[in-house]
Amino acid sequence: MSSSTATLTNHQVRLARRPEGSPKREDWSFTTEPAGEPAEGGVLVQTLSLSLDPAMRGWMNEGKSYIPPVELGAVMRAGGVGRVAASRNPAFAVGDIVYGTLGVQEYCLVAQDDIKRTGLVKIDLRAGTIGQWLNVLGMPGMTAYFGLMDIGLPKGGETVVVSGAAGAVGQTVGQLAKIKGCRVVGIAGGAAKCDWVVKELGFDACIDYKAGPAAVRDGLKAHCPRGVDIYFDNVGGEILDAVLAKLARGARIIICGAISQYNNTTPVQGPKNYLSLLVNRARMQGMVVFDYADRYHVAIAEMAGYLKEGRMSSREDVVEGGVAAFPEALLKLFTGENFGKLVLKIAD
Ligand SMILES: NC(=O)c1ccc[n+]([C@@H]2O[C@H](COP(=O)([O-])OP(=O)(O)OC[C@H]3O[C@@H](n4cnc5c(N)ncnc54)[C@H](OP(=O)(O)O)[C@@H]3O)[C@@H](O)[C@H]2O)c1
């Protein structure tokens, strides 16, 4: 089914230059185009909400990574939830709610050949809200699930430490680890975030790293008396070193991200305490969530069940202002201003 979209306008944010350090407004350009109409087999999606992710900073850089960089002049890559505005594809009907790599723009025209690359799939809002589909049922939740379950291999009674604990990935890691019977210690910036993960999410403790390196060391000593069995690392840098110094024998470290290093203009700070891996017969392994795409449905079904049963909750931090608000909103991830999964609302 198709409806005419010939008169619709599409505001977009494009990568104008590769940033040095923290991205600036001049690193972006703003364009306006007709939304367009789908050709045979294609779909036009109206963006409703976009996922803002720390990984976006890496996609802006030149060089080899797990995914090609965003080209200069291209619409900035972003995952999002949208509504099908026009369709010439029998798998999608006008009004369907979908998830896909929609980009920082108000409309995403997807040709038939690009449907798979865009990862366009229908989602069911009975399983979770739009925010939750970008959070616990979306990419961050999949990262938490497969990082913890496949690499962390949690066993009941083990001690799990997770940094970025109040963020998108961290909040789900901690709650899932509790469900699996572990003792969970978060690390987050500030008393409000630490209080929330303990009081609302049920973590056993949370260390405020902004109180300084000694607070991290003392907190780990106090809350992990038998050492750390699993460390889910979202931040890298000094906190990774502090946790390395507290490993239990046979520990597993999931290298999920290193947000403390993403805006560096100097080389990435590597772990000084890596010989703790040797002493403790421990293992440190990187992960990229997209490798688990063929099993997302398993994680979604399990976590949608926890949400429904009230055993898991989620927090999203929704920024209003449409695509024009994107440059400033993205920076919140690096200052820690976001409290929960950062979402940019584009339309109702
Ligand atoms: N490997 C994968 O496939 C994959 C997939 C998704 C995400 N990730 C990674 O997972 C990590 C978390 O991503 P997310 O989407 O859940 O983001 P998030 O935690 O919701 O937001 C980022 C948080 O990082 C913290 N932060 C910022 N600068 C920091 C610093 N210098 N030191 C310590 N903490 C800092 C801030 O929290 P505080 O207020 O607590 O400082 C901020 O709220 C990122 O490293 C991301 O790249 C990896």
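1. Five residue pairs are in polar contact across the interface of domain 1 and domain 2, with both residues of each pair at pLDDT 80 or more. A polar contact here is a pair of N or O atoms within 3.5 Å; within protein, one must be able to donate a hydrogen and the other to accept it, and residues adjacent in sequence count only if both atoms are side-chain atoms. For salt bridges across this interface the rule finds zero; a salt bridge is a side-chain nitrogen of Lys or Arg within 4 Å of a carboxyl oxygen of Asp or Glu.

2. On the basis of the note: this is a predicted model, in which local features need pLDDT of at least 70, side-chain atom pairs count only at pLDDT 80 or more, and totals for chains, interfaces and linings use all residues. Residues are numbered from 1 along each chain as its sequence is written, and side-chain values use heavy atoms, with hydrogens and water left out.

3. The domain assignment of the protein chain gives domain 1 as 3-134 + 315-345 and domain 2 as 139-290; such bounds come from an automatic or database domain assignment. The C-alpha centres of domain 1 and domain 2 lie 29 Å apart. To the contact between them, domain 1 gives 20 residues and domain 2 gives 15 residues, where contact means heavy atoms within 4.5 Å.

4. The size of an interface is often given as the accessible area lost when the parts come together. Between domain 1 and domain 2 about 1400 Å² is buried, 64% of it on carbon and sulfur atoms; buried area is the accessible area (1.4 Å probe) that two parts lose on being put together, summed over both. On the side of domain 1, Tyr66, Arg315 and Phe339 lose the most area to domain 2, together 31% of what that side buries.

5. Helix H11 (residues 326-335) supplies three residues, the largest share of the side of domain 1 that touches domain 2. Helices (H or I, at least four residues) and strands (E, at least two) are DSSP runs, numbered from the N terminus. By residue type, this side of domain 1 divides into nine nonpolar, six polar and five charged. In that division Ala, Val, Leu, Ile, Met, Phe, Trp, Tyr, Cys and Pro count as nonpolar, Asp, Glu, Lys and Arg as charged, and the others, Gly among them, as polar.

6. The salt-bridge count comes to 18. One of them joins aspartate 150 to arginine 295, with the closest N and O atoms 2.9 Å apart. This pair links distant parts of the chain: aspartate 150 is in helix H4 (residues 139-152), and arginine 295, 145 residues apart from it, is in the loop between strand E13 (283-286) and helix H10 (296-309). Aspartate 150 is partly exposed at 30% relative accessible area, and arginine 295 is partly exposed at 33%. Buried means under 20% relative accessible area, exposed over 50%, and partly exposed in between (1.4 Å probe, protein chains only).

7. Glutamate 158 has a salt bridge with arginine 252, the closest N and O atoms being 2.6 Å apart. Glutamate 158 is in the loop between H4 and strand E8 (159-163), arginine 252 in strand E12 (residues 247-255), and the two are 94 residues apart. Glutamate 158 also forms a salt bridge with lysine 155, at 3.7 Å between the closest N and O atoms. Glutamate 158 is buried at 11% and arginine 252 is buried at 8%, whereas lysine 155 is partly exposed at 47%.

8. Phenylalanine 146 is placed in helix H4 and is buried, with a relative accessible area of 0%. Leaving out residues up to four places away in sequence, phenylalanine 146 touches Ile151, Met287, Tyr292, Arg295, Tyr296 and Ala299. From phenylalanine 146 to tyrosine 292 the C-alpha distance is 7.2 Å, although they are 146 residues apart in sequence.

9. Cysteine 224 sits in the loop between helix H7 (213-223) and strand E11 (228-233). It counts as buried, at 0% relative accessibility. Beyond its neighbours within four places in sequence, cysteine 224 is in contact with Thr159, Val161, Val185, Gly219 and Lys246.

10. Most residues other than glycine have a negative phi. Leucine 153 has a positive phi of about 45 degrees; leucine 153 lies in the loop between H4 and E8 and is partly exposed at 41%. Arginine 281 also has a positive phi, near 50 degrees. Arginine 281 is in the loop between helix H9 (275-279) and E13, and is exposed at 52%.
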